[in-house]
Amino acid sequence: MSGKHPTVGMVSLGCPKALVDSERILTQLRTDGYQISPDYQGADVVLVNTCGFIDSAKAESLDAIGEALDANGRVIVTGCLGAREAEIRKTHPGVLAVTGPHDYEAVMSAVHDHLPQLHDPYTSLVPPQGVKLTPRHYAYLKISEGCNHRCSFCIIPGLRGDLVSRPAGEVMGEAERLADAGVRELLVVSQDTSAYGVDLKYRPDFWGGRPLKTRLPELAEALGSLGIWVRLHYVYPYPSVDELIPLMARGDILPYLDMPLQHGSEPVLRAMRRPAATEKVLERMAGWRRQCPELTLRSTFIVGFPGETEEDFEQLLEFLREARLDRVGCFSYSPVAGAAANDLPDAVPETLKQERLERFMEVQEGISAEKLQARVGSSMIVLVDEVSPERVVARSTADAPEIDGTVIVGGDWELDPGDFIEVRITAAAEHDLLAVPVETDDWE
């Protein structure tokens, strides 16, 4: 055993929601007296938090488990792929234990079994905000787990169960601790953020001695009162989304919606078991933009879904041209073991999937370039992410970390990550904006 305290290494894979799970596990490990190792060699045991949503993620997870076994030899597996223990043990029979997604008690029990903890009642090892894997100036805030939808391409409900919302007071307590610790931006995540509170019938909880309804608009308004950036992800177009736009227009929360729409053809959406009302979605987006002209809309789409015809794909391109979304991700359909879509007829050939993906991205790249170019000459507040002698990398309200673009300020400036500064946009690159600082005496 390394040193006085038992030491655990962590490999975290997958989406921001899985990252939050890893942070919670690390926080509990530190609470229980474990040290955290940044590498395999310094760890007494290695935890691998896996992703198993699509085949490429499953392969990455199995590779990571194998790498950890080769480098360390003592590995505990958790996360979404952990729901398929037999598959993991068939490939890697030497793992010590396998637990499923968000099963924190089972993970800790496995660690305690294979690496007993030391008791030190005199040392507080955990800061109030817990252990975070993100830079200290931004953090993911998970408000619920699981999902009530049964999309034909998705296996998340089978892995993570139905929707379970966190009490509003508990969420706000965590948000306050993060803000007090210096976090400047909260990224609100879940499997289905708009559905927050449905399982609790929106019953009120308490925060600061006042009742707070367990519903997204009320939670967003409360988060906005903390005086830091609040960015919403995985927001499906429920009617309650209309209540978020005034909060964005007032500046209470960021004018940014990450809204996975998946497709623009109603027959394909029905096959996906997704809401099929593209015209209504377009009308609502136009209304949101009228209320909040600064609104940034991000979405993700799937091309090559079983049964997608050329007419369906052309409808998707037309939807894209009309929606003029600011940020877009697109994936070619990949079968997922256990998904209902695997049984659908008329699979699209791989070559045609790739051709459609390229055509889709060509259309969107033109839209994105126009939107970025339109920002040249404007001024905006940005949040600094990285500082080097050559440049500063920052983000605007339109840019979520890791998935969107950045604002690059050339030169050597006396700034720190987490600072807010005002910049003027001088040029647009393919995905990023170039800027210079606006002279001011009020830099934070």
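1. In this predicted model, the crossing of helices α11 and α12 is right-handed. Helix α11 covers residues 310-323 and helix α12 residues 350-373; they pack at an angle of about 15°, with axes 10 Å apart. Since angles under 35 degrees count as roughly parallel, α11 is roughly parallel to α12.

2. On the α11 side, the contact is made by Glu310, Phe313, Glu314, Leu316, Leu317, Leu320 and Arg321. Helix α12 contributes Arg356, Arg359, Phe360, Val363, Gln364 and Ile367. By class, the residues of this contact are seven nonpolar, one polar and five charged.

3. Side chains of opposite charge can pair when their charged atoms come close. The structure holds 29 salt bridges. One of them joins arginine 356 and glutamate 310, with the closest N and O atoms 3.4 Å apart. Arginine 356 belongs to α12 and glutamate 310 to α11, so this pair ties together parts that are 46 residues apart in sequence.

4. On confidence, the protein chain has a mean pLDDT of 88, and 94% of its residues reach 70 or more.

5. Two stretches call for caution. Residues 119-126 have pLDDT below 50, and this stretch makes seven contacts in the model beyond near neighbours in sequence. For residues 440-444 pLDDT also stays under 50, with nine contacts beyond four places in sequence. Where pLDDT is low, the predicted coordinates should not be read in detail.

Terms used
Residues numbered from 1 in each chain as written. Predicted model: local features only at pLDDT ≥ 70, side-chain atom pairs only at ≥ 80, totals over all residues. Heavy atoms only, no water. Axes fitted to C-alpha atoms, helices over the stretch in contact; angles between N-to-C directions. Helix = DSSP H or I, 4+ residues; strand = E, 2+ residues; numbered from the N terminus. Parallel < 35°, antiparallel > 145°, perpendicular 65-115°, else oblique. Left-handed = near helix turned anticlockwise from the far one by under 90°. Contact = heavy atoms within 4.5 Å. Nonpolar A, V, L, I, M, F, W, Y, C, P; charged D, E, K, R; others polar. pLDDT = per-residue confidence, 0-100. Salt bridge = Lys/Arg side-chain N within 4 Å of Asp/Glu carboxyl O.
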